[in-house]
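Please examine the sequence and the structure shown below. The report that follows describes selected parts of the fold and the surroundings of the ligand.

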Amino acid sequence: MKVSTPILFINFKTYEQATGQKAVLLAKAAEEASKEVGVSVALVVQAVDLRLVANSVSLPVFAQHIDPVNYGSNTGHILPEAIKEAGAVGTVLSHAENKQDNEFIEAAIVRAREQDFAVMVCAEDLERAKQIAGMQNKPDFIAVEPPELIGGDVSVSTARPEFITDSVSAIKEISPEIDVITGAGVKSKADARKAVELGTVGLFVASGIIKAADSKQAIIGLLNGLKK
Ligand code: G3P
């Protein structure tokens, strides 16, 4: 599954405002915003809410994580086939809040591709971004996110612009086909515009949308910043 860029990935994490029926309301607001502005949005939701959200909107829905397991004895793991059947078209791997080693990531990418999933792998630093870009089975997207800025008030595009530009050049040098996304503290249209100017094709955002007084307006602002 290919998703079109520029794109805003909204990470529902485990926020109360983005769980269960509230996840559906947020998904619908995102769908309206995407239609109004004409820029792609993908929803990154909890595994347990995937089916509900995927049945409620036409936006692409991603899992926050999968495990590289097969049908069988794997209690507590997230089976790629089950996620697909629930309506997911892609998955995030190794988010900073659920970090995995490279061996896990490589195995999970293989399993994700068997389901024809789009794949976004997160990198907490430049070294990891290079390692992911050099993997034999490549993700579609690498999301570069400095962990110390996640959930904060200062955007990565303001606090660490060189981290974004260095990541984009390093990733593109190793694997030009991988698209780079950034996130952490991103809230405004200006943050979004700057991220694009620094070479990314999109954003990975949570608190700036989910904790906003008006989530739909927050999404619209970010999408306008991404718009070419
Ligand atoms: O996955 C995106 C995320 O880690 C960034 O979170 O709250 O800083 O937008 P936030």
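## Ser207 and its setting

In which helix does Ser207 lie? Ser207 belongs to helix H9. The model discussed here is a predicted one.

Is Ser207 buried or exposed? Its relative accessible area is 12%, and a residue counts as buried when this value is under 20%, so Ser207 is buried. When neighbours within four places in sequence are set aside, Ser207 has contacts with Tyr15, Gly151, Lys187 and Ala212.

## The ligand

Ser207 is also one of the residues around the ligand. Others in this group include Asn11, Lys13, His95, Glu145, Gly151, Ala184 and Phe204.

In the side chain of Glu145, an N or O atom is 3.1 Å from an oxygen atom of the ligand. On its own the ligand has 310 Å² of accessible area, and the protein covers 100% of it.

## Tyr15, a link across the sequence

Tyr15, one of the contacts of Ser207, is located in the loop between S1 and H1. Apart from neighbours within four places in sequence, Tyr15 touches Gln46, Ala206, Ser207, Ile210 and Lys211. Tyr15 and Ile210 are separated by 195 residues in sequence, yet their C-alpha atoms are 7.7 Å apart in space.

How many residues of strand S1 are buried? The strand is mostly covered, with 5 of its 5 residues buried. In a regular strand, side chains alternate between the two faces of the sheet. In S1, Ile7, Phe9 and Asn11 point one way, while Leu8 and Ile10 point the other way. Asn11 is also among the residues that surround the ligand. S1 pairs with S2 in the parallel sense, over 5 bridges. Within this pairing, Leu43 of S2 is the bridge partner of Ile10.

## Helix H1

Helix H1 covers residues 21-37.

The buried residues of H1 include Ala23, Val24, Leu26, Glu31, Ser34 and Val37. Strands S1 and S2 contribute to the cover over the buried residues of H1, as do helices H2, H9 and H10. After H1 comes Gly38, which has a positive phi, near 80 degrees.

## Helix H10

H10 has 12 residues, and the distance from its first C-alpha to its last is 17 Å, close to the 16 Å expected at 1.5 Å a residue. The helix is mostly covered, since 10 of its 12 residues are buried. Among them are Ser215, Lys216, Ile219, Leu222 and Leu226. The cover over its buried residues includes S1, H1, S2, H8, S8 and H9. At the start of H10, a side-chain oxygen of Asp214 comes to within 3.2 Å of the backbone nitrogen of Lys216.

Strand S4 covers residues 90-93. Gly90 and Val92 point one way from S4, Thr91 and Leu93 point the other way, and all are buried. Strand S3 pairs with S4 in the parallel sense over 2 bridges, and Phe62 is opposite Gly90.

Ser94 is in the loop between S4 and helix H4. Its phi is near 55 degrees, a positive value in a residue other than glycine. Ser94 has 2% relative accessibility and therefore counts as buried. Ala184, in the loop between strand S7 and H8, has a positive phi of about 115 degrees although it is not a glycine. With 6% relative accessibility, Ala184 also counts as buried. Ala184 is one of the residues that surround the ligand.

Key. Residues are numbered from 1 along each chain as its sequence is written. This is a predicted model: local features need pLDDT of at least 70, side-chain atom pairs count only at pLDDT 80 or more; totals for chains, interfaces and linings use all residues. Side-chain values use heavy atoms; hydrogens and water are left out. Helices (H or I, at least four residues) and strands (E, at least two) are DSSP runs, numbered from the N terminus. The expected span of a helix is 1.5 Å times one less than its number of residues. Buried means under 20% relative accessible area, exposed over 50%, partly exposed in between (1.4 Å probe, protein chains only). Contact means heavy atoms within 4.5 Å. A residue is near a molecule or strand if one of its heavy atoms lies within 4 Å of it. A polar contact is a pair of N or O atoms within 3.5 Å; within protein, one must be able to donate a hydrogen and the other to accept it, and residues adjacent in sequence count only if both atoms are side-chain atoms. Accessible areas come from the Shrake-Rupley method with a 1.4 Å probe; for residues, only the protein chains shown count as cover. Two strands pair if DSSP finds at least two bridges between them.
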